[in-house]
Amino acid sequence: MSEERRTGACLCGAVTFTACGEPVIVANCHCTVCQRVTGAGHSTGAMYPLDQLELTGTTSEFDVEGASGATVTRTFCPACGSPIHGRNTGMPGFVTISLGLFDDPGSFTPEVTVFARDRIRWDQLDPNTESFETQPDWKPDS
Ligand SMILES: [Zn+2]
Ligand SMILES: [Zn+2]
């Protein structure tokens, strides 16, 4: 495993984190949950095994049914509202951390775009990624 350690924080700084090693995947998601979570057209996140994330500070959580039918749990800073990460009952043991919270978000390269079917017409699909209409049936271990 890589020794890479990437740090990040919420807008107010009450929540900080370190993600160790390389992410399983970096993805753009255009689903309707991500639209509301981000207040924008899509989210971009890095998926890590939960045990590779060290998080400090108090967070709040909100559960919602995702487009795939799984329960999505959104974790956010209760003070400033920054979306910290999300996890999904369809992918136990993994969390997807919002890329914009990292101190060096440019060090990641998105690889795939999911839920392209939900794209809002004024938002763009990332042409440098493979796009899927919904959630592809890949497994993190493959
Ligand atoms: Zn905060
Ligand atoms: Zn999404």
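Asp123 lies in the loop between β10 (112–114) and β11 (130–131). Helices and strands here are DSSP runs, numbered from the N terminus (helices are H or I, at least four residues; strands are E, at least two). The model is predicted: local features need pLDDT of at least 70, side-chain atom pairs count only at pLDDT 80 or more, and totals for chains, interfaces and linings use all residues. Residues are numbered from 1 along each chain as its sequence is written, chains are lettered from A and ligands numbered from 1 in the order in which they are written, and side-chain values use heavy atoms, with hydrogens and water left out.

Is Asp123 buried or exposed? Asp123 has a relative accessible area of 11%, so it counts as buried. The cut-offs are these: buried means under 20% relative accessible area, exposed over 50%, and partly exposed in between (1.4 Å probe, protein chains only). Now look from Asp123 to Thr7. The two are 116 residues apart along the chain, and their C-alpha atoms are separated by 28 Å.

Phe115 also lies in the loop between β10 and β11. Its relative accessible area is 6%, so Phe115 is buried. Its backbone deserves a look. Most residues other than glycine have a negative phi. Phe115 is not a glycine, yet its phi is positive, near 55°.

Next come the sheets. Two strands pair if DSSP finds at least two bridges between them. One open sheet has eight strands, in the order β6-β7-β8-β9-β4-β3-β10-β11, and its pairing is mixed. Its edge strands are β6 and β11, each of which pairs on one side only.

Follow β9 (94–98) within this sheet. Four of its five residues are buried, so β9 is mostly covered. β4 and β9 run antiparallel and are joined by five bridges. In one of these pairings, Phe94 of β9 is the bridge partner of Pro49. β8 and β9 are also antiparallel, with two bridges. Gly86 stands opposite Thr96 in β9, and His85 has Ile97 in β9 as its bridge partner. The hairpin of β8 and β9 has five residues between the strands, and there Gly93 takes a positive phi near 90°.

Another open sheet has three strands, in the order β1-β2-β5, with antiparallel pairing. Its edge strands are β1 (5–9) and β5 (53–56), and each pairs on one side only. From one strand to the next, the twist averages 15°. That angle is taken between axes, which are lines fitted to C-alpha atoms (for helices over the stretch in contact), and angles run from 0 to 180 degrees between N-to-C directions. β2 (residues 16–20) pairs with β5 in the antiparallel sense over four bridges. Ala19 stands opposite Leu53 in β5.

Now turn to the zinc ion (ligand 2). Which protein atoms are its donors? They are the SG atoms of Cys29, Cys31 and Cys34, lying 2.1 to 2.3 Å from the ion. Donors are N, O and S atoms within 2.8 Å of the metal (3.2 Å for Na, K and Ca); water is not among the atoms, so sites may look incomplete. Along the chain, the donors follow the spacing C-x1-C-x2-C. Cys29 is buried because its relative accessibility is 11%. Cys34 is buried too, with a relative accessible area of 9%.

Last, the pockets. Rolling a probe the size of a water molecule over the atoms shows where empty space is left. On a 1 Å grid over the protein atoms alone, a pocket is an open set of points with protein on both sides within 12 Å along at least five of seven lines, while a cavity is a set where a 1.4 Å probe fits but cannot get out; lining residues have an atom within 4 Å of a point.

The largest pocket is lined by 42 residues, and Cys29, Cys34, Asn88, Thr96 and Gln135 lie nearest its centre. β9 gives the most to this lining, with five residues. Among the other elements that supply at least two residues are β3 (25–29) and α1 (32–38).

The second largest pocket has a lining that includes Thr32, Phe62 and Arg74. Here α1 gives the largest share, four residues. β6 (60–65) and β7 each supply at least two.
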